[in-house]
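Dear colleague,

Please find the structure we discussed below, handed over for your own work. A short account of the findings comes after it.

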Amino acid sequence: MLFNDTIFQNVLNGYHGGQVDKLSEKEKQHLVIHACIQANAHNFIKQLPGGYNTIVGERAGLLSGGQKQRIAIARSLISNPKILLLDEATSALDSESEKLVQAALERASCGRTTLVVAHKLSTVEKADKIVVMDKGQIAEEGTHASLLQAKGVYCRLLHAQTLTPPEGATLASEEAVEPGLLRVASSQLKPPKIMEPGQQRLSLDSKLISRRWSILRCVFSILSDTKSILPAFFGGAIGACVAGAAIPIQGFLFSKLVTVFQLTGPRRTERANFWAAMFFTLALTNITSYAILWLLFSIAGSKISKKYRARYMKDLLSQDIGFFEVTGNSSGALNALLSTDGDDLESFFGMSLALLVVFAIDIFACGVLAIAIGWRLGLVGVFGCFPVLFLAGYVRLRMDAGAQDRCAAAFLESTRFGSEAVEAIKTVSSLSLEKKVLERYEERLNKSVFANTRRTMVSTIFFALSDCIDLLGE
């Protein structure tokens, strides 16, 4: 398991302990190059465009299997271990890569004890001692030559893997050749899947697929595609209209309430009780309307989120391999998008859209009420304060939207790194990289926070402006 980092850093990860921090960059470079020479990896690394600074990609997807194995061997050799443990080191490689890796392993085994677990017997032919296990028990042991002369289990396995019968034996028996080997051999005859040229691959954060539609068009498209939520949506919209009209109605009732202080005696008590009952009725209506709109919009939001999360996942699984090789489309980044985009969609239909309807009704009703009661002052407020309020709010929303994009892009890297570290927990634990992983994760978080601080400071100015326009009008 290699991390989505440079070749230099991946090899350096094998240097155990805190001593690596005390080394100079020149000493680190010397150790890495020496380990790669031992692992037979130095020559192909020099031919890469970035050399030792080449990014290997997620799960080392930009390298071949043999190259990845040799870098992993170099990572194991950089600490100069006395004992080298190899578990199926060449099991997933083709014959050409296997030869290169086997040569690297033979060179790495010089001067140290090496224990090799293998099913490919070609990787242990030069071992000083071969132990053949059968059902957890030692069947035979010795060198390659002595085991061949014994014509026992080792000899039969070797001829089975090379598909050549030993002397006096035939392959007529079904037990002579492992079925798995025949299936692998036949599968290698299948032609590879060729991708159509000219196919455009895009990252999910590409501007070509980001915010091409307006909010109204998005809402209409989703509602037309999910007609089962229409009753809940329109019921919530009615509740939002009632809730939005509550503030101007409250202002109207308050203007009538203050006239009570002009009265005296029983008449004042009677009118005070009446307007108090009106405020109580308005409060009950407000509570009911908000309860209805939050309930129904939450139901609509959860149903929409469930549907599009499933479609999101299905479409991700339907992409070709090249899609996941595009920058920004790593598995950690896609998992983060699947989670955050689903949450954002549910939040929009469950809360944001309800508030938009409430605020729109509120602003419209307040403007109409202001002009109806005092048209001169109302026109000043509607055409003098509203444009400035809308402009400040619009700029603030645009800045917030841009900040969300930048924040998502910044934290996608830390999310990807965290997912990769958890996925490779065995490698992290075996190399004692827990502290280093935490430091790198914190470093990525700090970069994200620093990059967003300046934009956040600017956006607060427009937030304060949009929040104080109503006070300025007063």
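This is a predicted model: local features need pLDDT of at least 70, side-chain atom pairs count only at pLDDT 80 or more; totals for chains, interfaces and linings use all residues.

Residues are numbered from 1 along each chain as its sequence is written, and side-chain values use heavy atoms, with hydrogens and water left out.

Aromatic rings. A search of the whole structure returns 4 aromatic pairs. Rings of Phe, Tyr and Trp (its six-membered ring) pair if their centres lie within 6.5 Å; planes under 30 degrees apart count as stacked, over 60 as edge-to-face and the rest as tilted. For Phe233 and Phe297 the ring centres are 5.6 Å apart and the planes stand at 80°, so this pair is edge-to-face. The pair joins distant parts of the chain, since Phe233 belongs to helix α10 (residues 230–244) and Phe297 to helix α12 (residues 265–317), 64 residues apart. Helices here are DSSP runs (H or I, at least four residues), numbered from the N terminus. Both Phe233 and Phe297 are buried, where buried means under 20% relative accessible area, exposed over 50% and partly exposed in between (1.4 Å probe, protein chains only). Ring pairs also link Phe233, Phe234 and Phe297 into a cluster.

Helix contact. The axes of α10 and α11 come within 5 Å and cross at roughly 30°; axes are lines fitted to C-alpha atoms, for helices over the stretch in contact, with angles running from 0 to 180 degrees between N-to-C directions. That makes α10 roughly parallel to α11 (under 35 degrees; over 145 is roughly antiparallel, 65 to 115 roughly perpendicular and the rest oblique). Val242, Ala243 and Gly244 of α10 meet Ala246, Ile247 and Pro248 of α11, contact meaning heavy atoms within 4.5 Å.

Individual residues. Gln250 lies in helix α11 (residues 246–257) and is partly exposed, with a relative accessible area of 41%. Not counting residues up to four places away in sequence, Gln250 touches Phe279 and Leu282. His144, in helix α6 (residues 144–150), counts as buried at 17% relative accessibility. Leaving aside neighbours within four places in sequence, His144 is in contact with Glu125, Ile130, Tyr154 and Leu158.

Yours sincerely

How values were computed
Helices (H or I, at least four residues) and strands (E, at least two) are DSSP runs, numbered from the N terminus.
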